[in-house]
Amino acid sequence: AHTRVCLDPLSDKYGKLGANLHAMTYVKGGVEKMPFADSSWDVVTSINNFDHVSDPVMGLMEVARVLKPGGKFRMIVELHAEPTACEPQAYTFARLRMLFDVVKLSVVRESATEACEGPETQAIPRCPKYDHDNPAARDAWWVVTAVNNKTAAA
């Protein structure tokens, strides 16, 4: 059986937008303290939200906690050269990889694009590939799949 759950601090507002018209359960809450049991999910997906969280380390620790051993974490995140009021996290590729290592999430697939004009994540397929040789600070998109390296409890 497949269960789809959206965890979002604003999820109680989504019904007004028609969210109740499809097979998704909406749970009000944040990634830093998920209301799910340990090792309860095969897959966790985060689309354009990790640059909005207040504590990314706690958020990633929670992702690792709720993922089953070997479970996959799929994240699309906007990397910003500078933080903003709405997007307080200014990530670099190196910082995110270090955070993944700390919580034992191993990157198995990734791609990066330059930020480009368009409606958020829908623009990613049209954005040019990120030039890692260009040292200029700039915004980008990082699409990553990671595997949870924790082992099952004995």
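Good morning. Let us begin with Asn48, which lies in the loop between strand S3 (41-47) and helix H1 (56-66); helices (H or I, at least four residues) and strands (E, at least two) are DSSP runs, numbered from the N terminus. This is a predicted model, in which local features need pLDDT of at least 70 and side-chain atom pairs count only at pLDDT 80 or more, while totals for chains, interfaces and linings use all residues. Residues are numbered from 1 along each chain as its sequence is written, and side-chain values use heavy atoms, with hydrogens and water left out.

Asn48 has a phi near 55°, a positive value in a residue other than glycine. Is Asn48 buried or exposed? Asn48 is buried, with a relative accessible area of 17%; buried means under 20% relative accessible area, exposed over 50%, and partly exposed in between (1.4 Å probe, protein chains only).

Lys104 also has a positive phi, near 65°. Lys104 sits in the loop between helix H2 (93-102) and strand S5 (105-114), and is exposed at 51% relative accessible area.

I turn to H1. Its buried residues are Pro56, Gly59, Leu60, Glu62, Val63, Ala64 and Val66. They pack against S3, strand S4 (67-79), H2, S5 and strand S6 (140-148).

Finally, Ala81 lies in the loop between S4 and H2 and is partly exposed, at 31% relative accessibility. Beyond its neighbours within four places in sequence, Ala81 is in contact (heavy atoms within 4.5 Å) with Ala90, Ala137, Arg138 and Asp139. The C-alpha atoms of Ala81 and Arg138 are separated by 4.9 Å, although the two are 57 residues apart along the chain.
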